[in-house]
There are 2 protein chains.
Amino acid sequence: MSEFMDVYTRASKLVRGVTDAAMRRHGLHLGQNLVLAALWEADGQTPGAIAATAEVTTPTIVKMANRMSAAGLVVRRRDDRDNRLVRLYLTDAGRALRGPIENEMKSIEAQLTAGLDESEAKALMAVLGRVADNARAQLADPVIDC
Amino acid sequence: MSEFMDVYTRASKLVRGVTDAAMRRHGLHLGQNLVLAALWEADGQTPGAIAATAEVTTPTIVKMANRMSAAGLVVRRRDDRDNRLVRLYLTDAGRALRGPIENEMKSIEAQLTAGLDESEAKALMAVLGRVADNARAQLADPVIDC
DNA sequence: CAGAGGTCGCTAGCCGGGAAATGACTTGAC
DNA sequence: GTCAAGTCATTTCCCGGCTAGCGACCTCTG
């Protein structure tokens, strides 16, 4: 068994548990913060664009956006020029969450990296970036496995 | 916004995509491999024990085990002495997957760590272990956030 | 022995994920 | 102008995740 994958899987599930609980404290489901984060940076994006940024598929974002719309965090409007496109816009409630969620994320970072010195945390980020790039390449160019 | 959390989230989703595709190639859903891995190590465990090992909740394992039972990978039996307990046992098909899945995990590890030297990979595992321990502690002792 | 407290699995409902399929729309070639 | 190809969102279905709640069973205490 791959020890790396064991460690990675365990860390992933635990980190997910922490971030899930944190998002719930603000009335969000884990994942919705990614939609909001994308719109805080650039309001009015399409589901497809957000999906690409968040490394998920469009149906996932469409479904989330519908729930977030029902919850009053975003509104959905058709694009002016291309009737295929929907654009998501923040409501006041959606914008108001920016401070609390960003603070929460900083707080989570501090908790997760407690006991690591600055260089260790920086190295972790660099290596995780490399792992992410490797995974991205793998998804883009799957092994033909016969 | 926490750059660490951005990097971590992105890596997590991409790694999940790679492992999900790999498990599907063997007829598994991502997560079922964790149940199998637990039983490969110690056949006959209870859903609660597997859930604790896998860092998920018991209902998750119960639901997965029911599907895996229907798929012929495990069988469910009541414990001889304590009628509250169910124990999951591997079928031949479940046991036969050990080689392919373990090889697959080693292959994924190689892909994800490509370009990292041995010391970097080792350091990553050590730091991820620390992150996991921190997250675990956080889940066990939640911040009272009023 | 009786009952309270604890343990276990289970169900139901909600959620974010993906794959597959579909309809609506836009663009480009002829 | 027409039509094929491409693009986009949407829906449906299945899945693994969680919380909340419940019943069945076991253990411990008085």
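Predicted model: local features only at pLDDT ≥ 70, side-chain atom pairs only at ≥ 80, totals over all residues.
Colour by accessibility and B:E55 counts as buried, because its relative accessibility is 17% and the cut-off for buried is under 20%.

Now go to A:E55. This residue lies in the loop between α3 (47-54) and α4 (58-70) of chain A. Its phi is positive, about 60 degrees, although A:E55 is not a glycine. A:E55 is buried too, with a relative accessible area of 18%.

Next, select the side of chain B that touches chain A. The elements of chain B that give two or more residues to this side are α1 (3-25), α2 (32-41), α6 (98-112) and α7 (118-140). Of these, α1(B) gives the most, with 16 residues. Coloured by class, the side of chain B that touches chain A shows 27 nonpolar, eleven polar and 13 charged residues.

Then show both sides of the contact: 51 residues come from chain B and 51 residues from chain A. Together the two chains bury about 5100 Å², with 73% of that area on carbon and sulfur atoms.

Move on to DNA strand D and the 28 residues around it. Those that come nearest are A:K13, A:R76, B:Q32, B:K63 and B:R67. Of the atoms of DNA strand D within 4 Å of the protein, 75% belong to sugar and phosphate.

- B:R67, with a polar side-chain atom 2.2 Å from a phosphate oxygen.
- A:K13, where a side-chain N or O atom is 2.6 Å from a phosphate oxygen.
- B:T57, where the distance from a side-chain N or O atom to a phosphate oxygen is 2.8 Å.

Finally, highlight the elements that give two or more residues to the surface near DNA strand D: α1 (3-25), α3, α4 and β1 (74-78) of chain A, together with α4 of chain B. The largest share comes from α4(B), with five residues. By class, this surface has nine nonpolar, eight polar and eleven charged residues.

How values were computed: Residues numbered from 1 in each chain as written. Chains lettered and ligands numbered in written order. Heavy atoms only, no water. Contact = heavy atoms within 4.5 Å. Buried area = accessible area lost by both parts, 1.4 Å probe. Helix = DSSP H or I, 4+ residues; strand = E, 2+ residues; numbered from the N terminus. Nonpolar A, V, L, I, M, F, W, Y, C, P; charged D, E, K, R; others polar. Buried < 20%, exposed > 50% of the residue type's maximum accessible area, 1.4 Å probe, protein only. Near = heavy atom within 4 Å. Polar contact = N/O pair within 3.5 Å; in protein donor to acceptor, adjacent residues only side chain to side chain.
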